[in-house]
Amino acid sequence: MSGSPTVRNFWPDTKCAKAFWSQQEVRPYRRLLADTLDWCVPSVGERWLDLGCGSGPLSQGLWERSGGTIKEVIGLDCAAINEVAFAHIRDEATPSPGDRVRFLCHNFSHGLSLFDDESFDHAVSGLSITYAESYSESQGRWTTEAYDRVLLEALRVLRPGGRFVFSVNVPEPKWWKVGLLSLGDLFRAGRPLRFLKRALRMMKYGAWLKQEARIGRFHYLTAEQVCEKLQAAGFEPIEWRRSYAGQAFVFRAVKPHHTHWSFDPGAARDQTCAVGSCLSPGNAG
Ligand SMILES: C[S@@+](CC[C@H](N)C(=O)[O-])C[C@H]1O[C@@H](n2cnc3c(N)ncnc32)[C@H](O)[C@@H]1O
């Protein structure tokens, strides 16, 4: 993030992190969580990485869906306060994970050099990689370099055959659609005022995110653009579906057994998702 114009990044702030902890209370998010975990299929002895883990709903989901048989899940996020949420998971999850569900505070815009090549079986990420940010001083603009690097780094740290299952928001997400489908949860919530307060706070951050995406700092891309980037990084095959009241795509991309490591944006443009069958726009909802 060095060299970037003076801009505020709310993500590492405790207030912002905590605002997103309450996402799990609303139905569209729970659906997204289930859609993502359905494509993960965690199993015995696997090591998982959760990029931009927040309070760890995906990490916890992987642990619980595997019945506590995965070897380890590491949640990584730039907001240190999420360690507290992971401590809570270690207390509450069944079976008890001990230190097999761990948190690491790290900014993935700087890459994932803290991990060795092929050190994970699979990786997951929920609505996070969109926020990898990079600013080019020479070009005087935000670029997608950090986003592309996150994909390359995810590929690098996975073993051949490993899956990267992740969600990203659609371009110009309509948060009101998520809000509308969450209204029922307002009345079901034990403390509706607290629920409303949190919802308003999230809307404030939502406006900030959309504004930054419009200037190219964050990246709400089309499914085709994400697919091109995944192919350019070396993932194949690739599938996607819609979720989160239609406001997010869930991707599942596999690291092939023979992979090319260099990133060539020109090649990415030329391919334009040439493997038509790699795109499966299923499951709006
Ligand atoms: C919309 S929240 C999603 C959190 C969690 N994955 C979930 O599904 O509830 C986005 C998360 O990405 C994290 N994040 C944003 N930019 C990041 C960065 N550069 N490095 C690491 N984490 C980042 C934020 O701190 C936040 O926890």
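Two residues are in contact here if their C-beta atoms, placed from the backbone, lie within 7 Å. Helices (H or I, at least four residues) and strands (E, at least two) are DSSP runs, numbered from the N terminus. The model is predicted: local features need pLDDT of at least 70, side-chain atom pairs count only at pLDDT 80 or more, and totals for chains, interfaces and linings use all residues. Residue numbers start from 1 along each chain as its sequence is written.

Start with the whole protein. It has nine helices and nine strands. Of its 285 residues, 42% are buried. A residue is buried if 20 or more other C-beta atoms lie within 10 Å of its own, exposed if 12 or fewer, and partly exposed in between; these C-beta atoms are placed from the backbone. Among contacts with a separation of 6 or more, 78% link residues 24 or more positions apart.

Now turn to helix H7. It covers residues 192–214, which is 23 residues. From first C-alpha to last, H7 reaches 33 Å, close to the 33 Å expected at 1.5 Å a residue. That expected span is 1.5 Å times one less than the number of residues. The buried residues of H7 are Arg 198, Ala 199, Leu 209, Glu 212 and Ala 213. They pack against two helices, H1 (14–21) and H6 (175–188). After H7 comes Gly 216, with a positive phi near 90 degrees.

Which residues of H6 and H7 meet? From H6 come Trp 175, Gly 179, Leu 186 and Phe 187. From H7 come Pro 192, Phe 195, Leu 196, Ala 199, Met 203 and Gly 206. By class, this contact has eight nonpolar, two polar and no charged residues. Ala, Val, Leu, Ile, Met, Phe, Trp, Tyr, Cys and Pro count as nonpolar, Asp, Glu, Lys and Arg as charged, and the others, Gly among them, as polar. The axes of H6 and H7 are 11 Å apart, and the helices pack at an angle of about 170 degrees. Axes are lines fitted to C-alpha atoms, for helices over the stretch in contact, and angles run from 0 to 180 degrees between N-to-C directions. H6 and H7 are therefore roughly antiparallel to each other. Angles under 35 degrees count as roughly parallel, over 145 as roughly antiparallel, 65 to 115 as roughly perpendicular and the rest as oblique.

H6 also holds Leu 183. Is Leu 183 buried or exposed? Leu 183 counts as exposed because it has 12 C-beta neighbours inside 10 Å.

The axes of H1 and H7 come within 9 Å and cross at roughly 120 degrees. The two helices are therefore oblique to each other. In H1, Cys 16, Ala 19 and Phe 20 take part in the contact. In H7, they meet Arg 198, Arg 201, Met 202 and Tyr 205. This contact has five nonpolar, no polar and two charged residues.

Just after H8, Gly 234 has a positive phi of about 120 degrees.

Two cis peptide bonds deserve a look. One joins Glu 236 to Pro 237, with omega near 5 degrees. Pro 237 sits in the loop between H8 and strand S8 (238–243). Another joins Thr 94 and Pro 95, with omega about -10 degrees. Pro 95 lies in the loop between helix H4 (82–92) and strand S3 (101–105).

Finish at the loop between S8 and strand S9 (248–254), where Tyr 244 is found. Tyr 244 is not a glycine, yet it has a positive phi of about 55 degrees. Tyr 244 is buried because 28 other C-beta atoms lie within 10 Å. Ala 245 is in the loop between S8 and S9 too. Ala 245 has a positive phi of about 55 degrees, although it is not a glycine. With 24 C-beta neighbours inside 10 Å, Ala 245 counts as buried.
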